[in-house]
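User: I would like to go through the labels used for this structure. Please set each value against its definition.

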Amino acid sequence: MLRPAALLSLVLIVLPGAGVGQPGRAPAQIDVVANDYAFMPLPAHVPAGATVFTFVNRGKVAHELSIAALKPGVSVDSVLAKVKVGGRPRELLDRSVGILVAGPGSEPDGKLLTDLRKGVSYLLFCNFRDTPEAPFHLMLGMFTVLRVD
């Protein structure tokens with residue numbers, strides 16, 4: 001009889017990389033760089049599949065890289081309009097993918113691995129504020145959209 005650890009090893013040998021991307025294909029990598037209140041330009045279209053996001057904050061205040069899938073037909077303008085009137089854009093987002101947080105002039109301890117889905121648009125944004133009264137960094141232009149082909 002196999003012990004649980006031996007069974008797990010057997011499953012990992014038989015199913016390498018199961019559940020993430022295409023077997024034998026290394027994940028794509030998207031390096032996101034933040035300055036204060038903007039992300040450096042990224043490609044508008046990216047391929048579907050396993051993707052690793054890295055994040056570096058070159059700004060003087062803390063920032064986050066929040067990634068969420070937009071619901072079909074939802075535009076960034078709709079999200080901005082919702083936030084502008086004090087609303088939370090959750091009902092415009094299909095799902096949250098993940099968040100990386102970096103202090104001023106630093107990067108997070110980790111990276112974010114996800115499986116980008118074909119035909120989905122992903123909103124990358126910073127939801128931080130400098131003070132409770134200040135606008136969200138998103139409203140200062142700290143967002144971009146990736147469309148997955």
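Analyst: Asn 57 lies in strand β4; strands (E, at least two residues) and helices (H or I, at least four) are DSSP runs numbered from the N terminus. The model is predicted, so local features need pLDDT of at least 70 and side-chain atom pairs pLDDT 80 or more, while totals for chains, interfaces and linings use all residues. Numbering runs from 1 along each chain as its sequence is written, and side-chain values use heavy atoms, without hydrogens and water.

User: Why is Asn 57 called buried?

Analyst: Buried means under 20% relative accessible area, with exposed over 50% and partly exposed in between (1.4 Å probe, protein chains only). Asn 57 has 1%, so the label buried applies.

User: What makes the pairs between the side chain of Asn 57 and the backbone oxygens of Val 61 and Gly 103 polar contacts?

Analyst: A polar contact is a pair of N or O atoms within 3.5 Å; within protein, one must be able to donate a hydrogen and the other to accept it, and residues adjacent in sequence count only if both atoms are side-chain atoms. The oxygen of Val 61 lies 2.8 Å from a polar atom of the Asn 57 side chain. For the oxygen of Gly 103 the value is 3.0 Å. Asn 57 also touches Ala 34, His 63 and Pro 104, among others; contact means heavy atoms within 4.5 Å.

User: What makes a group of residues a nonpolar core?

Analyst: The set must be buried Ala, Val, Leu, Ile, Met, Phe, Trp, Tyr and Cys residues, joined through side-chain atoms within 4.5 Å. The largest such core has 22 residues, and Phe 53, Phe 55 and Tyr 122 are among those with the most contacts inside it. Strands β1, β4 and β5 are among those that each supply at least two of its residues. A second, separate core has 13 residues, including Val 79 and Leu 138.

User: How do you know that the buried residues of α2 line one face?

Analyst: In α2 (residues 76–84), Val 76, Val 79, Leu 80 and Val 83 are buried. Their arc, taken from the directions from the helix axis to the C-beta atoms, is within 95 degrees, so they line one face. They pack against β5, β8 and β9.

User: Why are β4 and β7 called paired?

Analyst: Pairing requires that DSSP finds at least two bridges between two strands. Five bridges join β4 to β7, so they pair, and they run antiparallel. Phe 53 stands opposite Leu 112 in β7. The open sheet of four strands has the order β2-β1-β4-β7, with mixed pairing. β2 and β7 stand at its edges, each with a single partner strand, so one side of each has no neighbour in the sheet.

Note on methods:
Lists of a residue's contacts leave out its neighbours within four places in sequence.
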